[in-house]
Amino acid sequence: MIKDFEHFAPKTLKEALALLAKYGDDCKVICGGQSLLILMRQGLVSPKYMVDIKGLDELNYIKDGKDGLKIGATTTHRTIEKSAVIKRKYPVLAEMEKRLASIQTRNWGTIGGNVCHGDPAADPAPVFMVLDATLTVAGAKGSRSIPIDKFCLDYFEVALEPGELLTEIKLPVPPPHTGTVYTKFNIIESDLATASVAVSLTLGSGDGVCQDIRIALGAVAPTAIRAKKAEKVLKGKKITEALLAEAGEAAAKETEPISDIAASEEYRRELVRVLVPRMTREALARAKKA
Ligand SMILES: Cc1cc2nc3c(=O)[nH]c(=O)nc-3n(C[C@H](O)[C@H](O)[C@H](O)COP(=O)(O)OP(=O)(O)OC[C@H]3O[C@@H](n4cnc5c(N)ncnc54)[C@H](O)[C@@H]3O)c2cc1C
């Protein structure tokens, strides 16, 4: 049962930050409530005060510019999935969103809420890692930027200080000849990943050499992680089947999976071993056409 709490619905970011500063540890931010309400119903979180930021229209936007894409924290998953500019310039984001939860959850849940919830099996974090995202957080003392891989700290733990809010996610313009892909393996369609893999691969102009590669994994460690040893296997080389197999092996060794109701530790490692080569092949095919 959810315990009683006092609900505030600020209309501006300034007002929201003032409420967070005033009520401190007794206070919790709520946006779409798709993750938080589950924890509250289970009695795991029982705040005295709730600052509801769903109505903060100033954080609800998708802006495309010369220096990349900016997504406001209260933007819903469904808005990202449907965005014409995202489908054209960052198609992997729309593809990822299409497989995140159900339409009902995507209509209400927000990208900021997802990232701040810190679920290691969530879909956006691995994709943001390969897209080199930077997060902007704001607090009473001002704002600061954090790269996504420094934001995810541990199971359901992120680098927000008390009184801070995530306000924006920034993505740089991908370099030319870059292909980016994401997939998750899950038992129930539209559910969280059992294991997930995102790959962004950039080819050198005309020589077919993998100039740069980012590989990120979800649901196989306490947070989404970069598979840096696997990246090293492929970076600066022409991709071959033997190298792909080596990269899959290296990525599997970089994981720290748990066994749970969805899969054993070893099954999750095997998924990574299989999905890393498969998704790298797909990223390569996209990079050749980009
Ligand atoms: C049935 C179901 C299926 C799901 N399937 C998937 C799935 O397949 N893949 C997936 O990735 N997710 C899935 N989810 C999770 C869910 O979609 C996201 O976590 C959700 O989008 C969170 O957004 P929200 O706005 O609802 O956050 P809330 O639930 O309101 O908040 C989540 C957490 O983030 C904090 N928070 C929210 N916004 C901010 C902010 N701007 N700044 C600081 N802190 C903030 C809150 O205090 C809370 O701790 C599923 C959820 C449900 C209910």
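Modeller: The lining of the largest pocket divides by class into 22 nonpolar, 17 polar and nine charged residues. Keep in mind that this is a predicted model. The volume of the largest pocket is about 1400 Å³. Its lining counts 48 residues, and S35, L36, G113, C116 and H117 are the closest to the pocket's centre. Several elements supply at least two lining residues each: β2, α2, α7, β9 (157–158) and β10. The largest share comes from α7, which provides five residues.

Now to the ligand. The largest pocket is where the ligand sits. Around the ligand there are 32 residues. Those that come nearest are V29, S35, H77, T110 and D123. By class, this shell holds 16 nonpolar, twelve polar and four charged residues. Four elements each supply at least two residues of the shell: β2 (27–30), α2 (36–41), α7 (111–117) and β10 (165–171). Helix α7 gives the most here, with four residues.

Next, the polar atoms. Start with H77. One of its polar side-chain atoms lies 2.6 Å from an oxygen atom of the ligand. H77 is also listed among the residues that come nearest to the ligand. K28 also places its side chain by a ligand oxygen: an N or O atom there is 3.3 Å from an oxygen atom of the ligand. With L166 the backbone takes part. A polar backbone atom of L166 is 2.8 Å from a nitrogen atom of the ligand. How much of the ligand's accessible area does the protein cover? On its own, the ligand has 990 Å² of accessible area, and the protein covers 89% of that.

How many cavities of 30 Å³ or more does a search of the whole structure find? The search finds one. The largest cavity holds about 100 Å³ of space. It is lined by 13 residues, and V115, G118, D119, A125 and C152 lie nearest its centre. Two elements give two or more residues to this lining, α7 and β8 (152–154). Strand β8 gives the most, with three residues. The cavity lining divides into seven nonpolar, three polar and three charged residues.

Definitions and conventions:
Residues are numbered from 1 along each chain as its sequence is written. This is a predicted model: local features need pLDDT of at least 70, side-chain atom pairs count only at pLDDT 80 or more; totals for chains, interfaces and linings use all residues. Side-chain values use heavy atoms; hydrogens and water are left out. A residue is near a molecule or strand if one of its heavy atoms lies within 4 Å of it. A polar contact is a pair of N or O atoms within 3.5 Å; within protein, one must be able to donate a hydrogen and the other to accept it, and residues adjacent in sequence count only if both atoms are side-chain atoms. Accessible areas come from the Shrake-Rupley method with a 1.4 Å probe; for residues, only the protein chains shown count as cover. On a 1 Å grid over the protein atoms alone, a cavity is a set of points where a 1.4 Å probe fits but cannot get out, and a pocket is an open set with protein on both sides within 12 Å along at least five of seven lines; lining residues have an atom within 4 Å of a point. A molecule sits in a cavity or pocket if more than half of its atoms lie within 2 Å of its grid points. Ala, Val, Leu, Ile, Met, Phe, Trp, Tyr, Cys and Pro count as nonpolar, Asp, Glu, Lys and Arg as charged, and the others, Gly among them, as polar. Grid points are joined across faces, edges and corners, and a volume is the space filled by probe spheres set on the points.
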